[in-house]
Amino acid sequence: MDGKQIFEMITGLAGGLGLFLFGMKLMSESIEKFAGAKLRKILEFFTKNKFMGLFVGIIFTGIVQSSSACTVMVVSFVNSGLMNLYQAVGVIFGANIGTTVTSLLVSFNLSKYAPIFLLIGVIMIMFFKKQGIVKFGDVLVGFGVLFLGLSLMSSSMDTLKQSPVIEDVFASLTNPFIAVLVGFLVTAVIQSSSVTVSIVLLLAQQGLLNLPICMFIILGCNMGSCVTALIASLAGMKDAKRAAMIHFLFNLVGSAVVFVILMFAGEWVVDVIMKLAGDDPGRFVAFSHTSIKVFQVVLLFPFSNLLVKATYLIIPGDEAKVGYHDDHKLQFIGDKVVFNPATAVVEVVNEIERMASLASDNLNRAMNALVTLDEDDIQEVNVVEENINFLNKSITNYLVKINQSTLPIEDLKSLGGLFHVVNDIERIGDHAKNIADSAVLRKERGIKFSDESFNELRDMMELINENVHLCIEVFAHHKEELLPRIEELEDKVDIMERQVQQAHIDRLKRNECTPDAGMLFSDIVSGLERVSDHAVNIAYSMVKENATN
């Protein structure tokens with residue numbers, strides 16, 4: 001080959017690889033935007049045991065085309081308490097099989113249809129306004145670009161056979177250990193086993209790699225694919241590290257067993273898979289990739305609990321969970337949690353639920369301080385209020401941040417409601433602070449409330465506590481069947497507020513209450529009624545968002 005041919009080959013390979021990587025990223029992200037929320041609900045619902053988790057992991061990763069996305073989503077569920085590691089292990093195993101779908105698609109040579117997918121996708125993006133159609137168009141464009149990249153790489157590789165030097169380089173790759181190392185390093189750099197296996201597939205189709213060596217490179221790819229998850233988990237919580245470690249141990253142990261089998265029975269394995277592939281070298285690579293993964297799952301699934309226990313030995317200790325009253329700390333969002341667009345809103349809802357519990361507890365603490373005039377309670381109300389303000393700012397900033405990311409369409413539509421919920425919870429916290437200030441005023445000025453007044457406040461708080469609790473349940477856990485009871489409680493609070501205010505006026509007329517006590521009491525009752533209003537806003541914020549979707 002002359003210099004011009006070499007240059008054209010290198011640029012063709014580079015351009016094809018770039019298109020392939022971009023197409024895969026676009027397709028994966030677009031699928032998450034288009035159907036991420038629905039896939040998340042399926043993943044959450046059907047992973048209560050590891051057997052169902054295995055099948056869901058296969059399907060989910062096969063659709064999204066990213067085992068990393070599936071693993072990170074599972075980690076998010078573990079961090080949120082929706083799933084434990086023993087349930088998560090099934091999904092992680094399934095994700096390893098699902099990730100082979102890309103190479104299977106590549107092996108069937110769909111490149112000639114790429115322009116059609118690309119054209120349809122572009123038409124959907126340019127001429128339709130509905131977001132669902134536009135995002136599905138993005139999926140088709142990503143699919144088309146991916147296979148155009150493959151086509152470009154394949155045509156560039158045709159010239160490789162014309163160079164005896166390059167052919168000798170590939171032919172000299174006969175050492176299984178070196179082949180595993182090459183697969184590991186290339187995948188660790190590219191951060192996608194699907195891409196590396198696809199490149200191996202193209203090289204096998206051109207006759208540049210012999211088939212047994214392809215299988216050893218695939219083993220290296222399997223272990224290299226763990227690097228992304230391991231790096232992503234470094235900043236995460238311990239369970240995030242353990243989930244990534246399960247992924248790594250699965251591939252390490254499974255690849256070691258397959259390596260030994262290939263060393264002693266490699267020719268027989270190659271012959272069997274080659275017959276299944278219809279003597280097509282490219283399809284052989286894809287079938288090998290899938291066969292290895294399926295074999296590893298069959299081999300290790302009975303020992304999955306032992307793998308989980310091993311991660312606790314490798315990463316010992318319990319996570320220092322952030323408590324409800326820990327100051328200025330985030331539990332479900334922030335730097336200590338691996339970010340994934342498909343679960344970002346789930347994590348925000350968990351953090352907001354924690355904030356709401358803080359505000360509810362603080363309201364009751366403030367009411368207790370109003371009665372007892374306990375200085376410690378008053379100070380604690382002020383400390384917790386500062387923490388609520390911190391959460392308000394932090395969660396709002398996080399919502400702004402994820403609004404600019406690739407969220408699923410359904411989740412993107414819910415962001416407006418989440419902003420309102422955070423604001424309503426912050427206002428409940430403010431009312432608790434106001435009541436604590438009233439306790440201070442009552443203590444400093446010696447203002448006395450009658451037993452009748454305290455009884456009225458107690459009865460009103462019972463209704464409000466129940467309403468706040470139910471409203472948080474509707475918001476965080478979608479229990480919309482509670483809405484009739486919430487409306488009933490809200491009506492009772494409104495009626496009671498009017499009755500209490502009238503009773504207070506009657507006491508003033510009978511000189512049974514001082515003007516100072518009367519003004520303070522009236523403000524507290526009005527504030528409690530507004531707390532109930534804010535709680536109802538919290539319940540209906542997401543219901544209204546869902547109704548408009």
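Colleague: Hi! What volume does the second largest cavity have?

Modeller: Hello! The second largest cavity has a volume of about 40 Å³. Keep in mind that this is a predicted model.

Colleague: Nice. Let's zoom out: how many helices and strands does the protein chain have?

Modeller: The secondary structure of the protein chain amounts to 21 helices and zero strands.

Colleague: What share of the residues counts as buried?

Modeller: 55% of the 549 residues in the protein chain. As for surface, the chain exposes about 24,300 Å², and 62% of that is supplied by carbon and sulfur atoms.

Colleague: What about contacts in the protein chain between residues at least 6 apart in sequence: what percentage join residues at least 24 apart?

Modeller: Among those contacts, 81% join residues at least 24 apart.

Colleague: Changing topic to α10. Why is it said to be largely enclosed?

Modeller: Twelve of its 13 residues are buried, so α10 is largely enclosed by the rest of the structure. The buried residues include Ser193, Ser194, Thr196 and Ser198, along with Val195, Val197, Ile199 and Val200. Leu201, Leu202, Leu203 and Ala204 are also buried residues of α10.

Colleague: How far does α10 reach from its first C-alpha to its last?

Modeller: Helix α10 (residues 193-205) reaches 18 Å, close to the 18 Å expected at 1.5 Å a residue. It is followed by Gly207, which has a positive phi near 75 degrees.

Colleague: Now α20: how far apart are its end C-alpha atoms?

Modeller: In helix α20 (residues 483-509) they are 39 Å apart, which agrees with the 39 Å that its 27 residues should span at 1.5 Å a residue.

Colleague: Which residues of α20 are buried?

Modeller: Among them are Leu483, Ile486, Leu489, Val493, Met496, Val500 and Ala503. Glu490, Glu497, Gln501, His504 and Arg507 are buried residues of α20 too.

Definitions and conventions: Residues are numbered from 1 along each chain as its sequence is written. This is a predicted model: local features need pLDDT of at least 70, side-chain atom pairs count only at pLDDT 80 or more; totals for chains, interfaces and linings use all residues. Side-chain values use heavy atoms; hydrogens and water are left out. On a 1 Å grid over the protein atoms alone, a cavity is a set of points where a 1.4 Å probe fits but cannot get out, and a pocket is an open set with protein on both sides within 12 Å along at least five of seven lines; lining residues have an atom within 4 Å of a point. Grid points are joined across faces, edges and corners, and a volume is the space filled by probe spheres set on the points. Helices (H or I, at least four residues) and strands (E, at least two) are DSSP runs, numbered from the N terminus. The expected span of a helix is 1.5 Å times one less than its number of residues. Buried means under 20% relative accessible area, exposed over 50%, partly exposed in between (1.4 Å probe, protein chains only). Contact means heavy atoms within 4.5 Å. Accessible areas come from the Shrake-Rupley method with a 1.4 Å probe; for residues, only the protein chains shown count as cover.
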